[in-house]
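Dear colleague,

I am passing on to you the structure that follows, together with notes on what was found in it. Please read the notes with the sequence and the model open beside them.

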Amino acid sequence: MTQHLHSKRLQRPGYSTVLAAVLGLVAALSLGAIGQAKAAEKTPVDRWSDRAHGFASLAGGTTGGAGGKVVTVTDQAALATYAAAEEPYVIRVSGAIAVEPFGSDIVVASNKTIIGVGDTGEIVHGELHLNPGTHNVIIRNLTIRDSYVEGDWDGKTTDFDAIQMDTVDHVWIDHDRFTHMGDGLLDIRKDSRYITVSSNQFTNHNKAFGIGWTTNVLTEMTIDHNWFRGTKQRNPSADNLAFAHLYNNYLSSQVADGDPVWTYGNWARGRTRMVIENSYYDGVQHPYQADATAELVQRGSILKHTTGRTDAWGTAFDPRSFYDYRLDPAAAVPSLVSRFSGPQKRIGVTLHVPADYPTVQAAVDAVPDGNAVPDGNAVPVTIAVAPGTYRAKVHIPATKPRIVLRGTGHDRSDTVIVYDTPAEYGGSTGSATVRIAANDVTARHLTFSNDFDEAAVELKGEQALAMKTTGDRIVFEDTAFLGNQDTLMTDSPKLDVISRVYIRDSYIEGDVDFVYGRATTVIDRSVIRALSRGSDTNNGYITAASTWTGNPYGFLITRSKVVSDAPDQSVHLGRPWHPGGEPAAVAQVLIRDTELPAAVKSSPWTDMSGFSWRDARFAEFRNSGPGAAPSADRPQLGAADARAYTLANYLKGTDGWAPYAGH
């Protein structure tokens, strides 16, 4: 952005030095050693985890289309094409897809994830069908409905299931709604193995969920947190399962047609070994029953208004010898399952780095362009980055909105995206370690760094950005930005276009103009560290705003703390940047309710490139600390004006954006 000062910081502090300097300032500041976290061998299932649990997590696990491209489909042709493809895909179903002819199959091949966008993804009048040999499939967050043939209550004339699979392995069926189909809602048959069926709703049907159709005893299945209501039988019926683990399921509103035998809840048939735990049966005939050749262990379930068989004999097996799991109290099951089963708005696609995608950029590249379908990425795609140091640049282009970039370590310092390019080799923008051009991007629990060593070389272009944004509605939470000159640039596509950025509970360090650009930017509840460059008189500038003159809101630093190990009276709060001498770029910066160190000059604003700071829009309000002492060269905002220059007003724009809500 600007020519560097001649004096340089002699040595770049390591993370431990930075941590020592700001320890105790805010609980959110965590710049500890970077390390690789190791997951425990057996971890209880998270209710919102995007990873398969139970038997589907064993013998290599079930990852679906992970590692493949993400596509969004709105019609039968696209769904059928991607579902049957040889390569892995994550297929997002947006809106309702009506299948023709009525009752037809959509064949799903191996290595696929099919997931509804929000809670409105539907397959109507059609079946998802997994042929023998298919493996590694995830079907989540969908409604599959309405292939019922009027008058065929027993499903004897059609075989229009919601999902049918024969001799498959590693399948996870999760948070789906199955209703009013032609034969079974879910048929898992003929020696299928390593299956988990969780948090689904089975409704308005006769034969809900059948398993078996084999004389072999091979199938291993976990069935948990499902809601069976308005169904008659097979809730489920499990024939010759080696291991059937049913827990925290809710059976209610059973069809009451007076049938003394074929109206029932759970049935362990043949040589099935079944364990039922902490389930809830309300108004159910024959809640759970077992053939004389089967074994059924039941513990902790609640029976309310039930009649008929409650068989329990044999020892079955111990599920915890296979995997760990969270067992909810039976009394809580009706509330939990009725609320959290079926499709959920909050369930989205998560791409894991490096488990499924080797680099962050590879995961970004897998995200579909937002303009590919009418609703774009209506639900964000999350890129979950495992702890580690990723030495590579990342670019999120404008065509890929609504991405959440999330570090999964304990501290933000556990997950670092870093590179070392200076502006000398690619310009200011080209130096950025991470560039975000898309709208509606959120980053959490991450460190962004440009570790170019300005003290080691003598270059004209020593600007070295850790982050540059040009998109609108960008959020950074619990993030760190590490660099020297021009660490963080929040910009917009052009001068008179307003982009907004909200930074909360974060850490920013640098020396010259290290928070700069023309975007409307709020830095809230954060720590800003002004590094020492070894000078007694001038150690740089915190801000360099280039706000469009038609925009009343530039930078707001609020409820934060500035720290520095620079000498007293040697750091400026900012200077006005007019890129290319642009007269319509008139800096606006307000620092309010923020603690300032003694390193801040008593005349904290200064000129830049022939433009006077007095012509810019610089002000302070209600700051504290040794660097906040009033002087003639410190414009103060009046109390009445301060009511207009709030976090809410900076960010709301014309769409009422309020990313701070709920904190």
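The chain carries 61 positive and 74 negative side chains, and the centres of these two sets lie 4 Å apart; here Lys and Arg count as positive and Asp and Glu as negative, while His and the chain ends are not counted, and a charge is placed at NZ of Lys, CZ of Arg, CG of Asp or CD of Glu. Please keep in mind that this is a predicted model, in which local features need pLDDT of at least 70 and side-chain atom pairs count only at pLDDT 80 or more, whereas totals for chains, interfaces and linings use all residues. Residues are numbered from 1 along each chain as its sequence is written, and side-chain values use heavy atoms, with hydrogens and water left out.

As for the chain as a whole, its C-alpha atoms fill a box of roughly 90 × 50 × 45 Å along the principal axes, and its secondary structure comes to seven helices and 48 strands (DSSP runs numbered from the N terminus, with at least four residues of H or I for a helix and at least two of E for a strand). Of the 663 residues, 60% count as buried, where buried means under 20% relative accessible area, exposed means over 50%, and partly exposed lies in between, with a 1.4 Å probe and protein chains only. Among contacts (heavy atoms within 4.5 Å) between residues at least 6 apart in sequence, 71% join residues at least 24 apart.

Apart from neighbours within four places in sequence, the residues in contact with His572 include Asn538, Tyr541, Lys601 and Trp605.

Strand β5 (residues 112–116) is largely enclosed by the rest of the structure, because five of its five residues are buried. Lys112, Ile114 and Gly116 lie on one side of β5 and Thr113 and Ile115 on the other, so that both faces are covered. Strand β2 (residues 89–93) pairs with β5 in the parallel sense over five bridges, with Tyr89 partnered by Lys112, and β8 (residues 135–140) pairs with β5, also in the parallel sense, over four bridges, with Thr113 partnered by Ile138.

Most residues other than glycine have a negative phi, and most peptide bonds are trans. The bond from Asn235 to Pro236, however, is cis, with omega near 5 degrees, and Pro236 sits in the loop between β17 (227–233) and β18 (237–239). The bond from Val353 to Pro354 is cis with omega near 0 degrees. Asn240 has a positive phi of about 60 degrees and counts as buried at 9% relative accessibility, while Asp486, with phi near 60 degrees, is buried at 0%.

With best regards

Definitions and conventions. Pairing = 2+ DSSP bridges.
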